[in-house]
Amino acid sequence: MNHTPQRPRAVAIMGPTASGKTAAALAIAARVPAEIISVDSALVYRGMDVGTAKPTREELASVPHHLIDIIDPLDSYSVAQFRTATLRLVDEIHARGKLPLLVGGTMLYFKGLTDGLDDLPGADPAVRAELEDEAARLGWPALHARLATLDPETAARLKPNDAQRIQRALEIIRLSGQPMSALLAQRAPETLPFELTSFALEPSDRAVLHERIARRFDQMLEGDALLDEVEYLRRRGDLHPGLPSMRCVGYRQAWEYLDGRIDYATMRETGIIATRQLCKRQLTWLRAMPERIVIDCLAPDATAQLLARLP
């Protein structure tokens, strides 16, 4: 990576779930004046603390955090909104003489920030409702099969039950008349107005990270903390399982349990499996980012390694 001293700098700390990103960021902020910008599509929601492993009040108070608790679970938050907010925040943090730390595991946000935004059509509630109705009748695998004929490149990277992304890909085709893969291929690359050094906390042994994921999920379930949180959200009356917020890992499974559709053991097992699958997708994204600096998140001195390599 070319280092241009004249350009302001920022540091990204990426990694799969349970890799220790928050701890690493807080350690850096304890050493250098810094502010943390959350790069997490779940932490944006207010009232969703347990299942998102949101930083504690003490952690939030120890260093300024941004893009946490900014929207209601009924609303959605786009990559475009994230990019606009982050570019503004980086400027403001630099103006305060501090180092912006971009911390999280939502790789689509990182990609949208570094590569720029696509020219895809915005969401259309009517089209989405039609697709939801079709999925209720036919099932998402059937809609995935339809996508495979219309946009095989996009379908190939989606699971047959990845409702949110299948819906979005079909919505784009209906609104634009073109497959999403073709629209993305037309996008011109953009250059960030600051120099970004990206660290990736990745496991040398995925099985050990899987054990850490299971322990963390069990901690969320202790004292019915996660179930109480989801029950509180359900009692609002305006939320439903189809919302992006309620599709977050852990919340979807807890909702099904509270609906009586699965038992407790199944809820726990499917929650852990879904988190492991999320971890796998995050690592796949990371491997496609060649300029990242990889730190073994399982190493006892992982944070020290990161600190030693700060630009």
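**A walk around the model**

Let's start with Ala18, which sits in the loop between strand E1 (9–14) and helix H1 (21–31). When I say helix or strand, I mean DSSP runs numbered from the N terminus, helices being H or I with at least four residues and strands being E with at least two. Ala18 isn't a glycine, and still has a positive phi of about 70 degrees. Ala18 counts as buried because its relative accessibility is 9%. For the record, buried is under 20% relative accessible area, exposed is over 50%, and partly exposed is in between, using a 1.4 Å probe and protein chains only.

Quick housekeeping before I go on. This is a predicted model, where local features need pLDDT of at least 70 and side-chain atom pairs count only at pLDDT 80 or more, while totals for chains, interfaces and linings use all residues. Residues are numbered from 1 along each chain as its sequence is written, and side-chain values use heavy atoms, with hydrogens and water left out.

Okay, another non-glycine with positive phi: Asp69, near 60 degrees. You'll find Asp69 in the loop between strand E3 (65–66) and H3. Is Asp69 buried or partly exposed? Partly exposed, because its relative accessible area is 31%.

**Domains**

Zooming out, the chain is split into domain 1 (9–117 + 190–308) and domain 2 (125–185). Those bounds come from an automatic or database domain assignment. Between the C-alpha centres of domain 1 and domain 2 there are 26 Å.

Now have a look at helix H6 (residues 140–150) against helix H8 (residues 163–176): they pack at an angle of about 45 degrees, with axes 10 Å apart. That makes H6 oblique to H8. On the cut-offs, under 35 degrees is roughly parallel, over 145 roughly antiparallel, 65 to 115 roughly perpendicular, and the rest oblique. The axes are lines fitted to C-alpha atoms, for helices over the stretch in contact, and the angles run from 0 to 180 degrees between N-to-C directions.

H6 passes H8 in a left-handed crossing. Left-handed means the near helix is turned anticlockwise from the far one by less than a right angle, and right-handed means clockwise.

Which residues of H6 and H8 meet? From H6 we have Trp140, Leu143, His144, Arg146, Leu147 and Leu150, and from H8 Ala163, Ile166, Gln167, Ala169, Leu170, Ile173 and Arg174. By class, this contact of H6 with H8 has nine nonpolar, two polar and two charged residues. Contact here is heavy atoms within 4.5 Å. As for the classes, Ala, Val, Leu, Ile, Met, Phe, Trp, Tyr, Cys and Pro are nonpolar, Asp, Glu, Lys and Arg are charged, and the others, Gly among them, are polar.

A reminder on spacing: an α-helix has 3.6 residues a turn, so residues three or four places apart point the same way.

H8 has another partner, helix H5 (residues 125–138), packed at an angle of about 125 degrees with the axes 10 Å apart. That makes H5 oblique to H8. The crossing of H5 past H8 is right-handed. On the H5 side the contact is made by Val127, Arg128, Glu130, Leu131, Glu132 and Glu134, and on the H8 side by Gln167, Arg168, Leu170, Glu171, Arg174 and Leu175. In class terms, H5 with H8 comes to four nonpolar, one polar and seven charged residues.

**Around H11 and H12**

Over to helix H12 (residues 251–258), whose buried residues are Tyr251, Gln253, Ala254 and Trp255. They pack against helix H11 (225–235) and helix H13 (264–287). After H12 comes Gly260, with a positive phi near 80 degrees.

In the loop between H11 and H12 you'll spot Ser245, which counts as buried because its relative accessibility is 0%. What does Ser245 touch, not counting residues up to four places away in sequence? Tyr45, Met48, Pro73 and Tyr251.

Thr86 is in helix H3 (residues 79–95), and counts as buried at 0% relative accessibility. Leaving out residues up to four places away in sequence, Thr86 touches Ile37, Leu67, Leu102 and Leu113.

Then there's Lys111 in helix H4 (residues 107–115), partly exposed at 31% relative accessibility. With that sequence exclusion of up to four places, Lys111 touches Gly116, Arg187 and Trp285.
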